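Please examine the structure shown below together with its sequence.

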Amino acid sequence: MFLNFYGFFKINMAIRCCTDLVGFAVQMTEMYCRNLPLSKDLDVQESMYGEELLSMTCNVLVQLFWRTKHVGYLLEAITVLELGLTVRRYVWQYKILLLHLYSYWNALPLAYEWYKLLDVKNILLETVSHLIFPQMLASSLLVDTNDLLKGYLRFMDDHFRESADLTFLAYRHRNYSKVIEFVQFKERLQRSNQYLTAKIEGSILQLKRKANSIEEAESVLESLNKGSDFLDISSDIRSKKLTFNEDLKLRPWWTPSLDKNYLSGPYEDISHYPKETADEAKQTEAKLTSIEKRSLLPRMIYLSIQCASSSTKGNSNVNGFDSKDFSELKSLLESYSKFLGFPFLDAAELVISVSHGQKSLEEFSSNLIDWINFAVFLNAWNLNPHETNISDRHTFPINWQVLCRLLEKCISEKVNSTKPLLSSPGADLSILIQLVTEPLSWLGLIIQSCVRSSLPSGKKKKKGGPSDQSNSQLSNTVKESITSLSSMIDIVAKWLKEQIDRPIDTDVDFLLTSVHGEENDHEPGKVVKILETLVLSVDDLEVGERVNRAIRSWKPVDVARKIVTAQGTALTEFFDICESKLKVLQTLKGQIQV
């Protein structure tokens with residue numbers, strides 16, 4: 001009896017809190033509308049009276065979404081900001097809020113458009129780019145991400161060159177304080193966490209984009225000194241004292257840092273936010289470890305390709321692959337597993353256990369992509385038959401079948417757990433995207449290397465020998481792996497096709513219904529109704545021709561359609577990636593000798 005009463009009391013209090021917040025949002029919106037005539041004679045670039053009221057309204061509506069998980073509140077928050085930017089497109093606070101709301105709702109093309117409209121230039125690229133970098137790096141928008149990274153790195157490299165000239169000029173004029181200032185500023189930027197991350201991720205992105213052609217991927221690796229360019233970063237990073245120049249104060253309250261988003265978790269009482277309780281030292285350590293791990297990837301990809309080629313041809317000196325390269329791959333795997341928090345053998349055993357179903361994928365924690373990358377490279381290392389000490393290999397019998405079983409498990413679980421994007425804001429599509437564009441892509445390169453090496457080289461070979469039998473077995477195994485990999489990617493492609501083929505009008509109606517449903521005190525729609533009334537009643541003489549024209553051009557249906565279209569664009573980009581990989585695998589299947 002008491003428990004039932006207590007539960008009813010909590011629900012009643014929650015409804016009252018929501019009602020109060022809705023009332024506050026309504027009040028702020030009405031005040032904004034009443035203040036519009038005050039800005040009638042202002043220039044378009046001048047701040048309008050009451051602009052901050054829409055930011056406050058947005059924040060309240062986001063909090064309501066956090067409490068209730070009702071998409072209507074999220075849509076209202078977005079429509080409020082879109083109206084504000086329709087009236088005056090120079091309010092950077094609105095753009096930042098929209099950027100984060102759109103990226104959270106998997107409408108990343110829209111988020112990227114608003115980031116570009118921030119018109120971030122010069123040194124602000126170092127302090128502001130964190131608003132969009134993480135989302136883009138984990139997305140299917142590979143071309144846009146490449147443009148983003150190129151623009152940032154171009155500015156940084158140009159700045160370093162100009163800094164030398166400015167330092168010399170200051171020295172000539174005997175302005176020694178400026179000399180010291182320029183030198184210290186340059187050193188700070190050179191040790192920038194974001195700068196190192198952009199350089200590493202830029203190279204990995206090139207490998208992602210070229211992964212359908214082993215020749216093009218090898219060309220990228222050659223430009224990176226066979227993937228070795230970043231190994232020094234991994235070994236020296238802790239002695240450099242990285243700088244973190246991101247202006248985190250620009251971020252909305254619900255995502256105070258790059259790896260934190262309150263909206264993705266359960267609601268917490270308002271008294272608990274926005275204080276960040278995470279240990280700053282732990283956050284810094286996590287960033288360092290991430291850079292160390294990622295800096296190893298290009299070299300590991302190169303060595304894995306070489307190892308696959310050597311195992312197929314049965315000659316450890318083919319294409320320059322020798323025992324030193326093999327030892328290096330083993331050493332890098334040991335370093336990589338250490339960054340994952342496990343000794344090499346323990347990490348390998350965990351991979352095997354998860355693949356066999358003895359342990360769940362949850363054992364990989366939040367490092368799923370890193371663990372699957374490790375498994376792919378571990379299998380490549382295990383292909384080479386010329387290891388002098390094979391005792392370790394019996395400890396963890398990883399092979400193509402074990403690896404493919406692990407990948408199938410990951411893909412299946414992620415596809416089944418990924419909810420429809422429109423009705424489930426915050427659905428983590430990025431993990432699925434990274435699985436396809438990283439470990440599955442690296443495995444594709446390894447398979448391409450095996451197939452290429454198994455093709456006739458123009459010289460007659462003796463048939464029937466041990467090497468020929470071994471190659472035949474490997475060819476069969478590789479062919480089975482191609483079939484398995486194709487099946488995995490096909491599962492993702494079919495799921496994407498189902499999402500993409502949904503009628504746009506149906507999805508738009510779903511969104512509009514979320515703000516035009518039943519009228520009561522704890523349901524969304526009241527703010528949108530006020531704005532729709534404003535559109536119908538706005539007077540040219542009262543607010544001015546420009547504002548009147550802008551307000552009348554705003555429609556909630558257009559906002560809803562933009563969200564649906566942007567999600568569709570991101571999904572289509574991902575679908576195209578999957579389709580291109582399926583075509584490559586089909587070609588490889590026809591080439592391989594049985």
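A salt bridge is taken here as a side-chain nitrogen of Lys or Arg within 4 Å of a carboxyl oxygen of Asp or Glu. The model is predicted, and local features therefore need pLDDT of at least 70, side-chain atom pairs count only at pLDDT 80 or more, and totals for chains, interfaces and linings use all residues. Residues are numbered from 1 along each chain as its sequence is written, and side-chain values use heavy atoms, with hydrogens and water left out.

Side chains of opposite charge can pair when their charged atoms come close. Over the whole structure, the search returns 18 salt bridges. One of them joins Glu218 to Arg452, with 2.8 Å between the closest N and O atoms. Helices and strands are DSSP runs numbered from the N terminus (H or I of at least four residues for helices, E of at least two for strands). In these terms the pair links distant parts of the chain, since Glu218 belongs to helix α11 (residues 214-223) and Arg452 to helix α20 (residues 439-454), 234 residues apart.

A second bridge is local. Asp490 pairs with Lys494, the closest N and O atoms being 3.3 Å apart. Both residues lie in helix α21 (residues 466-500), four residues apart, or about one turn of the helix. An α-helix has 3.6 residues a turn, so residues three or four places apart point the same way. Asp490 is partly exposed at 28% relative accessibility, whereas Lys494, with a relative accessible area of 52%, is exposed.

Attention now returns to helix α20, which holds Arg452. The expected span of a helix is 1.5 Å times one less than its number of residues. Helix α20 has 16 residues and reaches 23 Å from its first C-alpha to its last, close to the 22 Å expected. Because 15 of its 16 residues are buried, α20 is largely enclosed by the rest of the structure.

Rolling a probe the size of a water molecule over the atoms shows where empty space is left. A cavity is a set of points, on a 1 Å grid over the protein atoms alone, where a 1.4 Å probe fits but cannot get out; its lining residues have an atom within 4 Å of a point. Grid points are joined across faces, edges and corners, and a volume is the space filled by probe spheres set on the points. Four cavities of 30 Å³ or more are counted by this rule, and the largest cavity contains about 90 Å³ of space. The elements giving two or more residues to the lining of the largest cavity are α20, α21 and α26. Helix α20 provides the largest share of that lining, five residues. Among the lining residues are Leu440, Ser441, Leu485, Ile489, Val584 and Leu585.

Helix α4 (residues 92-104) can be read in a similar way. Its 13 residues should span 18 Å, and its end C-alpha atoms are 18 Å apart, which agrees. Eleven of the 13 residues of α4 are buried, so this helix is largely enclosed by the rest of the structure. The buried residues include Tyr94, Lys95, His100 and Tyr104.

Two further contacts bring together residues separated in sequence. Lys526, in helix α23 (residues 526-537), is partly exposed at 30% relative accessibility. Leu142, in helix α8 (residues 142-172), is buried with a relative accessible area of 12%. From Leu142 to Leu205 the C-alpha distance is 7.4 Å, and the two are 63 residues apart in sequence.

Terms used
Buried means under 20% relative accessible area, exposed over 50%, partly exposed in between (1.4 Å probe, protein chains only). On a 1 Å grid over the protein atoms alone, a cavity is a set of points where a 1.4 Å probe fits but cannot get out, and a pocket is an open set with protein on both sides within 12 Å along at least five of seven lines; lining residues have an atom within 4 Å of a point.
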